[in-house]
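Hi,

Here is the structure I promised to pass on. Have a look at it first, and my notes on its aromatic rings follow below.

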Amino acid sequence: MKRLFKFALAVSAFFLLGNASTYAQKFGYLDLNELIEAMPEMNDVRTKFEAFQNDLNDQYETMTVEFNNKWNDYSTNIETMSEAIRQIREEELSNIRDRITQFEQNAQGLMYQERSNLMAPVIEKAQEAVQKVCKANQFTAVFELSAQPLAYYDEATMVNVLPLVQQELGI
């Protein structure tokens with residue numbers, strides 16, 4: 001009877017330990033921003049975004065030069081202008097000023113949209129690489145530290161996935 005009890009205890013322990021290792025969870029972490037910044041595609045994104053910004057700056061500069069030229073002409077000739085011409089010039093200046101203000105407001109949205117469009121394929125590639133690495137290495141969960149830092153994590157019990165993903169991307 002004692003032997004049977006020891007055998008049953010040994011079998012139970014074996015199954016409990018076997019199940020524990022079967023259900024072991026593997027957690028990782030990475031800084032997605034760090035990964036994306038290290039990707040070679042970011043050089044192209046930066047170059048294209050800078051060119052877009054330069055185009056916007058050129059348009060802005062053209063409008064301000066137009067405004068300044070008309071303002072200088074207006075202020076130089078105001079004494080000799082008829083009332084009707086003066087009102088027309090003031091309306092022109094007001095319209096140009098309004099266009100500049102509207103352009104400034106739209107430019108922020110345009111830059112945000114352009115950056116989003118340029119970043120989308122880079123982010124998608126990074127996320128696909130993260131998923132591939134996590135599946136291949138059987139991670140239960142990987143926490144993204146740059147977006148929502150964890151209140152606490154024990155670095156010794158988690159895996160920094162960044163080097164694995166960088167290797168997957170050939171960085």
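**Aromatic rings**

Phe27 is partly exposed, with a relative accessible area of 27% (buried means under 20%, exposed over 50%, and partly exposed in between, with a 1.4 Å probe and protein chains only). Before going on, note that this is a predicted model, where local features need pLDDT of at least 70, side-chain atom pairs count only at pLDDT 80 or more, and totals for chains, interfaces and linings use all residues. Residues are numbered from 1 along each chain as its sequence is written, and side-chain values use heavy atoms, leaving out hydrogens and water.

Searching the whole structure turns up 3 aromatic pairs. Rings of Phe, Tyr and Trp (its six-membered ring) pair if their centres lie within 6.5 Å; planes under 30 degrees apart count as stacked, over 60 as edge-to-face and the rest as tilted.

One of them is Phe27 with Phe143, stacked at 6.2 Å centre to centre with 25 degrees between the planes. Phe27 belongs to strand S1 (residues 27-30) and Phe143 to strand S2 (residues 141-144), so this pair ties together parts 116 residues apart in sequence. (Strands are DSSP runs of E, at least two residues, and helices runs of H or I, at least four, numbered from the N terminus.) Phe143 is partly exposed too, at 30%.

Tyr60 and Phe103 are also stacked, at 6.4 Å and 25 degrees. Tyr60 sits in helix H3 (residues 41-77) and Phe103 in helix H4 (residues 83-136), 43 residues apart. Is Phe103 buried or exposed? Phe103 is buried, at 14%, while Tyr60 is partly exposed at 29%.

Cheers
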